[in-house]
Amino acid sequence: MNLKVSTRQVDGVSIVDCSGRITLGEGSVVLRDTVKDLLSKGQKKILLNLGDVNYIDSSGIGELVSAYTTAKNQGGELKLLKLTKKVHDLLQITKLYTVFEVKDDEAAAVKSFR
Amino acid sequence: MAGDRFSYNLDSTLETVDKAEQTASRIASENGFDEDEVMQIAMAVREAAVNAVLHGNAYDPGKKVELEFERTSSDLVITIRDQGKGMDMARIPDPLAPENLLKTSGRGIFLIRSFMDDVKIHPSSTGTEIKLIKHVHGMTEGGKEASQ
């Protein structure tokens with residue numbers, strides 16, 4: 001299943017609910033465009049909810065890194081919410097788990113943004 | 001499938017990447033690998049197919065990707081060949097190096113090596129061949145689980 005995203009606002013934080021696969025091609029492009037669009041609108045507190053993302057390939061990992069650095073370079077913050085075990089394991093072996101701020105609870109994640 | 005070998009000749013497209021992944025997933029399941037192993041094998045094949053289509057053949061419609069599966073008595077061996085200029089092994093970065101952690105690419109070979117038991121890469125001027133090997137365990141040649 002290709003990536004589907006929907007965005008909602010909670011207390012000034014843009015929560016991007018993602019479901020499906022973040023892989024080379026359409027999935028990566030959808031994520032990139034969504035984050036770019038939010039940043040261009042000045043919405044710089046971004047929480048990517050990956051609870052329904054069951055597969056990410058190396059291109060998808062690259063896209064997460066790109067989203068993180070793009071947000072950071074524009075004075076924003078991008079955090080991850082609710083990783084599935086597969087995605088968690090991938091971020092562990094690529095040592096990116098220490099780079100991203102990862103949250104399990106949505107309310108706590110929203111509060112954690114400055 | 002023990003002793004069997006079969007191959008596919010595929011176009012240099014993103015559809016090939018998906019087909020390679022799906023085929024690997026099916027064959028890994030048929031050979032008794034568990035759910036995590038099936039995911040690992042399928043992802044390794046996907047990454048190798050991405051390298052072949054993007055970096056090897058560079059989407060050239062005149063170049064093919066060959067995908068071959070072989071079940072030996074001890075291993076599932078998957079070979080992916082492209083018709084590109086040959087991978088430059090010296091340019092494969094260490095994605096775990098601090099200076100590379102935030103790079104947006106360069107993790108494919110690392111993931112392949114992480115997920116397979118053995119990986120052999122043979123670049124040449126006529127293309128790159130990558131052999132992915134996963135040991136079959138606890139199975140008889142007939143595909144039934146061996147009694148302990």
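Two strands are taken to pair if DSSP finds at least two bridges between them, and the elements themselves are DSSP runs numbered from the N terminus, helices being H or I over at least four residues and strands being E over at least two. This is a predicted model, in which local features need pLDDT of at least 70 and side-chain atom pairs count only at pLDDT 80 or more, while totals for chains, interfaces and linings use all residues. Residues are numbered from 1 along each chain as its sequence is written, with chains lettered from A and ligands numbered from 1 in the order in which they are written.

Begin by selecting residues 13–22 and 45–56 of chain A, which are strand 2 and strand 3, running parallel and joined by eight bridges; within this pair, S19(A) stands opposite D52(A). Widening the selection shows an open sheet of five strands in chain A, in the order 1-2-3-4-5 and with mixed pairing, where strand 1 (4–10) and strand 5 (102–103) of chain A are the edge strands, each pairing on one side only.

Now turn to chain B, where five strands form an open, antiparallel sheet in the order 1-2-3-5-4. Strand 1 (5–11) and strand 4 of chain B each have a single partner strand, so one side of each is left without a neighbour in the sheet.

Select residues 118–124 and 127–135 of chain B next: these are strand 4 and strand 5, antiparallel and joined by seven bridges, and they form a hairpin with two residues between them. Here I121(B) has I130(B) as its bridge partner.

Finish at strand 1 of chain B, which seven bridges join to the antiparallel strand 2 (residues 64–71) of chain B, and where S7(B) stands opposite E68(B).
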